[in-house]
Amino acid sequence: MKILNCPLNGPRNISEFVHGGEVRDMPDPNLCSDSEWADYVFYYENSITVIKEWWLHAPSGYWFIAERHTATDEILKTYDPSEIYKDRVEFSQPPKESVA
Amino acid sequence: MPFSLLKYGLNKDYPFEKHADLPAPTELKSSYDVVIIGGGGHGVATAYYLAKYHGITNVAVLEKGYLGGGNTARNTAVIRSNYLTSEGVKFYTESVKLFEGLSNEFDFNIMYSKRGQLTLAHTDAAVRGFRQRAEINKHFGGKTELIDPQQIRELVPTLNMNPGHLPVLAGLWHMDGATARHDAVAWGYAKGATQRGVELHQLTEVTDVIVENGRVTGIKTNRGTVNCGCAIQAVAGHSSLLAAKAGFKMPILSYPLQAMVTQPVKPFLDPLVSSPSLHCYVQQTGRGELVFGGGSDPYPLYNTRSTMDLKESLLAHAIELFPFMANMRLMRQWAGLTDMTSDYSPIMGLSPVENYYLDAGWGTWGFKSTPICGKTMAELVANGGKVPELIKPFAMDRFKTFQQVNEMGATAASH
Ligand SMILES: Cc1cc2nc3c(=O)[nH]c(=O)nc-3n(C[C@H](O)[C@H](O)[C@H](O)COP(=O)(O)OP(=O)(O)OC[C@H]3O[C@@H](n4cnc5c(N)ncnc54)[C@H](O)[C@@H]3O)c2cc1C
């Protein structure tokens, strides 16, 4: 059994968690080009390194961040997202759709 | 014992050297017309068809480990064409056709064994999906039918028709479903390619890709640098790492995929049986072992370790399907590194580097496509980068233009 240390619930079996993908900045969907958006949604570095990623503790619905090595699978750190997201991220308003 | 065998036994030289399937290793040349990175089934199949159909033989296949030691050696060898999209079905149907003739073509037995694949539907939605897949498959020349529980009982009398309280409602019976000896496929292609002059370099790791003015000009390896007219990467789970060396990103994440096999028992299971709802498939090999496979690991990782979690979840489901298997013993477990795309279709064709071609994104389902990949990749190279019709839908660019080829429903847990 592999253990993941949840910042909220403490050490739990990794089967209680859902992997949420790499932490990266989302481009403003209303201002970025299609190609930038595709890049954000589909393309990955997918390299051998320590990455920061989102994890969800499913039973408690709590999202947090873990730093994990993508080859050794060692989990180096886990913490609450507020440690890196200090401010609210704002995006522009979508253009009004005209209703025919 | 035949006298000749005794003579071989006492001979201090290995007597088969002159009949060896592969030529002895040589030094790398300074330059090749084509360098193929990755000596798995896809790499050697490409080399084979380049030599056979296009007369291009100044080709090196560079393999960091040994021939076919990657996913080619690790897959569960399911061959089928009952996918969902017309692009996919057309492509896989061609591959199944090629597979059927390979033993004859190689004069080397790949143990092609056509026993049909049965996929189980446990929900109404799955039944509807199967009906669609059966029609698409028939349209492109495959043999696939939707069958009812009575027909399923006749095909697989040992199957529990109410596994995990998910009653079996119907089945997708794919008569073309088959298996083959995966190693033999790589060996057959490698033998045919090297006999025609292609060089296979094992223990040769590509460490860098030299790109000048948007074109690849050379490949660096642990045994020196070679120049090349063009290059192809066919490195499965390592696709993103190679692409990074060539200077671009791919829409791929690498996940471990695990499988396992039991001790042999008497033959009782002819078709390949798969249950997408239970994330599991089971088949009996010619030697009597039962092979189990399922979905990829739950998160990306460059590692081929085995986990207890997967053994538990996969076997619990397998035992739902065949309860008497609970007493069997596992003999081996292993994993491979799979290059997953988000639409469960491959990435074939051009890359952002002009003469650097891609055969990637084969994830958990690329053994069955080995022949057609080799054939179409060879055509692409021989025509100087003109993409064959059959693989156009699989261009990497589809992710930039939002034209994915969604095979998820037909791939997950069936491979
Ligand atoms: C457990 C498991 C079960 C599967 N089951 C099925 C199935 O039932 N049916 C099916 O169709 N598919 C299945 N697959 C998928 C299938 O195995 C693969 O898609 C297919 O084998 C890919 O072939 P390949 O030749 O591209 O890759 P590989 O056989 O992996 O070959 C790639 C080669 O590239 C080499 N390489 C990597 N990096 C470098 C480098 N830098 N320099 C030189 N060489 C390098 C590797 O050593 C490797 O030998 C399964 C996979 C796994 C892991």
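A salt bridge is taken here as a side-chain nitrogen of Lys or Arg within 4 Å of a carboxyl oxygen of Asp or Glu. This is a predicted model, in which local features need pLDDT of at least 70 and side-chain atom pairs count only at pLDDT 80 or more, while totals for chains, interfaces and linings use all residues. Residues are numbered from 1 along each chain as its sequence is written, chains are lettered from A and ligands numbered from 1 in the order in which they are written, and side-chain values use heavy atoms, with hydrogens and water left out.

**First stop: a salt bridge between chains**

Select B:Lys249 and A:Asp39, which form a salt bridge whose closest N and O atoms are 3.3 Å apart. The pair crosses between chains: B:Lys249 sits in the loop between helix 8 (239-246) and strand 12 of chain B, and A:Asp39 belongs to helix 1 of chain A. Helices (H or I, at least four residues) and strands (E, at least two) are DSSP runs, numbered from the N terminus.

Next, select A:Asp73 and B:Arg305, another salt bridge, with the closest N and O atoms 4.0 Å apart.

**Second stop: the whole interface**

Select the residues of chain A in contact with chain B, where contact means heavy atoms within 4.5 Å. There are 24 of them, facing 22 residues of chain B. The two chains bury about 2,100 Å² between them, 56% of it on carbon and sulfur atoms. Buried area is the accessible area (1.4 Å probe) that two parts lose on being put together, summed over both. Highlight A:Phe42, A:Tyr43 and A:Asn46, which supply 35% of the area that chain A buries against chain B, more than any other three residues.

Now display polar contacts, that is, pairs of N or O atoms within 3.5 Å; within protein, one must be able to donate a hydrogen and the other to accept it, and residues adjacent in sequence count only if both atoms are side-chain atoms. Across this interface, 13 residue pairs are in polar contact (both at pLDDT 80 or more). On the side of chain A that touches chain B, helix 1 (34-42) and strand 5 (62-69) each supply at least two residues. Helix 1 of chain A gives the most, with six residues.

**Third stop: the ligand**
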